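Here are a few notes to read alongside the structure. Take them one at a time, with the picture open beside you.

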Amino acid sequence: MGIRVAVAGASGYAGGELLRLLAGHPEFDLVAATAHASAGQPVAAVHPQLTGLDLVFGATEPAALADADLVFLALPHGQSAALAAALPGTVKVVDLGADHRLADAAAWARYYGGEHAGRWTYGLPELPGQRAAIAAATRVANTGCYAVATTLALAPLIAAGAVHPADVVVVAASGTSGAGRAAKAHLLGSEVMGDLSPYKVGAHQHVPEIKQASGATGLSFTPVLAPMPRGILATVTARPTGDADPRAVLASAYADEPFVHVLPEGAWPHTAATAGANSCHLQATVDADSGRVIVVSALDNLGKGAAGQAVQNANLMSGLPETTGLSGWGIAP
């Protein structure tokens, strides 16, 4: 028997990607998957890409998860805290929701509402010191998808003093799976195809998380819904403090990272190159006219932005090499 793992909220897009990764993981033994409306159905009836996975969705209750060594919570924001609190203290937990990401209760109230559940160890291993903290933790808050795309592009530049933390602008496009699987009129194919649309402009819930993780103190963030199922392309700009080469700063910061790749000069990230992978592609330059630093970041919002990141964290929590069961290479075409 390997390490016994379970997934709550496994009927959604992130949950389905988690099941795919866990079913092929050499050290994790997938023992339970739970859902709400889909409880009682075979997993393949909801996720046909997982045909052959002999598993039936159970009800999302503590008893269905308590026998696992590690539980992934892929639930809507605000629903993880109560379930996590009902699990035995011996069960390790990775929460893909936002419930435990923020340190500031006021920021939680402003962007999410309701009672703040408290902060867990933040699950972005590439941040300085965070890998060891995750390995020692029993409760880890997985990153938000926009947050990891932006933080990986920005945090090393702020840490190196290469850009002003108070003057950061981000425009990021995401595929429709980032909005979840629930039926919504604005996500119908006829509404999305052939269209780009901004949403939650000036008030997106990932803003306080990005500031907390990256060190930014002033952030203008505009998310854009793109007509594709998965992927994020973030363009991050900031005012430089001097003449440091932003690409060299990023290349130095990520030289030994298995999943973050600073592309060769002249090559720019695009979402298709990261599809199905737990990787983030970066490129940086200085704008010839404004002098602002520009970093472009691409990743799969269901991979490094959600399920892949969660497995990377779980590997560390379980004493495994963090690359176990994960690929940094995308699928194409």
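This is a predicted model: local features need pLDDT of at least 70, side-chain atom pairs count only at pLDDT 80 or more; totals for chains, interfaces and linings use all residues.

1. Residues are numbered from 1 along each chain as its sequence is written, and side-chain values use heavy atoms, with hydrogens and water left out.

2. Helices here are DSSP runs of H or I with at least four residues, strands are runs of E with at least two, and both are numbered from the N terminus. Helix α1 covers residues 13-23 and helix α11 residues 303-317; they pack at about 40 degrees, with axes 8 Å apart. Axes are lines fitted to C-alpha atoms over the stretch in contact, and angles run from 0 to 180 degrees between N-to-C directions. This makes α1 oblique to α11 (under 35 degrees is roughly parallel, over 145 roughly antiparallel, 65 to 115 roughly perpendicular, and the rest oblique).

3. Who makes that contact (heavy atoms within 4.5 Å)? From α1 come Ala14, Glu17, Leu18, Leu21 and Leu22, and from α11 come Ala306, Ala307, Gly308, Ala310 and Val311. Among the buried residues of α1 are Gly15, Gly16 and Leu19; buried means under 20% relative accessible area, exposed over 50%, and partly exposed in between, with a 1.4 Å probe and protein chains only. The cover over the buried residues of α1 includes β1, β2, α2, β4 and α11.

4. Stay with α11 and look for Met317, which counts as buried at 3% relative accessibility. Its contacts include Leu70, Lys92 and Ile134. Met317 and Tyr254 are 63 residues apart in sequence and 21 Å apart in space, C-alpha to C-alpha.

5. Now turn to α7, where 14 of the 15 residues are buried, so the rest of the structure largely encloses this helix. α7 bends by about 40 degrees at Thr151 (the angle between axes fitted to the seven residues ending there and the seven starting there). Just after α7, Gly161 has a positive phi of about 75 degrees.

6. Finally, find Glu209 in helix α9. Glu209 is buried, at a relative accessible area of 1%, and one of the residues that Glu209 touches is Ala147.

Methods: Contact means heavy atoms within 4.5 Å. Lists of a residue's contacts leave out its neighbours within four places in sequence.
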